Amino acid sequence: MQRTTLVQHIRQRGFSTPGATGEFTSLMNEIIVAAKIVSLEVNRAGIGEDILGLTGKINVQGEEVQKLDEFADLTFSTIIGQSGTVCAICSEEKDEPYIVPEEDRGKYIFMMDPLDGSSNIDVNVGIGSIFSIYRKISAGNEVTEADLRQPGHQQVAAGYVIYGSSTMFVLTTGQGVDGFTLDPSLGEFFLSHPDLRIPEQGSTYSINEGNMEIWDKEQQQLVSHLKASDPATQRPYKLRYIGTLVSDFHRTLLKGGIFMYPQDKNSPQGKLRYAFEAAPMAYIVEHAGGRASTGTQRILDIVPDELHQRVPLFVGSTRDVELAEKILSGAECAPN
Ligand code: AHG
Ligand code: MN
Ligand code: MN
């Protein structure tokens, strides 16, 4: 059976893109190398050198930095920073963007959450890496604010690596979404999930119900609606929550349903970061036929105010996200 590697897939797509210079393919190759290195480290974490646990540092998010957070951030930053394809690298782990020295600059901007699901690292639950690629849009050599605060619909590509029971690489370059599974014996990602399409409606909802007390009333009504028994509308939905966005999103992409991280009294903007988590996942889900909003606004239309801006995220099957938006607007009340 003909097996297509991720590199072959990207090259084939590259040839079909008018004016392609090979720079994007070269950037993708470097991302793949970094993903394989992080995958190796994740899969042997706990064996040999001490890569598990905390570094004792606090990052720009005010979160404790895990050793694997730091390892993944360093791996992606170093490899991609030397690739000659990007002019800036922005990381969830770093307060400031890294501006590549002028002699090594390329035309792309690389955004990443190098290790997503840090709280799950030490308990052997799925974790991931998320990335997003934009073109530099400002004239001249300098990297400007406008380059670093683009709306998500201007992404050139977005993807994630999920370090789960197998390591998968899910990618969209704006022409559909494809999934690749790592064959560790060959060290190659092979096409395993061509042209992923999210079901129009699902039967699971994914949210941290421990926050129920601090949600808005409409959010409480929405979750009560999904839990109410009504076979005619396939309710109650099942609750699935892993606590790693990449894992909860990947299940939603494959099976349908809705993932929600709403704002609450403690996090009025929500918890998830626009540039590193919400925008790439929104770009992927829309290219798989799904929907992503803040509950009121399309994620991809947002122009972030600042690099680490957080937004509420409702992402998944179109019908499920639309129902959420309707109930959150107060238009349709949940049953008593
Ligand atoms: P990160 O590990 O990159 O900080 O991301 C963690 C995020 C996301 O992966 C997940 O959906 C969410 O935090 C879980 O938050 P709660 O633990 O508050 O449910
Ligand atoms: Mn994350
Ligand atoms: Mn992270």
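Reader: Which residues coordinate the manganese ion (ligand 2)?

Author: First, a word on the model. It is predicted, so local features need pLDDT of at least 70 and side-chain atom pairs count only at pLDDT 80 or more, while totals for chains, interfaces and linings use all residues. Residues are numbered from 1 along each chain as its sequence is written, chains are lettered from A and ligands numbered from 1 in the order in which they are written, and side-chain values use heavy atoms, with hydrogens and water left out.

Now the metal. Donors are N, O and S atoms within 2.8 Å of the metal (3.2 Å for Na, K and Ca); water is not among the atoms, so sites may look incomplete. Here Asp113 (OD), Asp116 (OD) and Glu277 (OE) coordinate the manganese ion (ligand 2), at 2.0 to 2.1 Å.

Reader: And how far apart are the manganese ion (ligand 2) and the manganese ion (ligand 3)?

Author: They are 3.7 Å apart, and Asp113 coordinates both. Helices (H or I, at least four residues) and strands (E, at least two) are DSSP runs, numbered from the N terminus. Asp116 sits in strand β5 (residues 108–116) and Glu277 in helix α7, so the pair ties together parts that are 161 residues apart in sequence.

Reader: Is Glu277 buried or exposed?

Author: Buried means under 20% relative accessible area, exposed over 50%, partly exposed in between (1.4 Å probe, protein chains only). Glu277 has 1% relative accessibility, so it counts as buried. Asp116, at 5%, counts as buried too.

Reader: What is a nonpolar core?

Author: It's a set of buried Ala, Val, Leu, Ile, Met, Phe, Trp, Tyr and Cys residues joined through side-chain atoms within 4.5 Å. In soluble globular proteins, nonpolar side chains tend to be buried together. The largest one here has 43 residues, and Tyr160, Phe249, Leu253 and Ile299 have the most contacts inside it. Helix α7 (residues 274–287) gives the most to this core, with ten residues. Domain 1 (6–193) and domain 2 (204–328), with bounds from an automatic or database domain assignment, both give residues to this core, so it lies between them.

Reader: Which residues join Glu277 in a salt-bridge network?

Author: A salt bridge is a side-chain nitrogen of Lys or Arg within 4 Å of a carboxyl oxygen of Asp or Glu. The structure holds 17 of them. One joins the side chains of Arg149 and Glu145 (2.8 Å, N to O). Salt bridges that share partners also join Glu92, Arg273 and Glu277 into one network.
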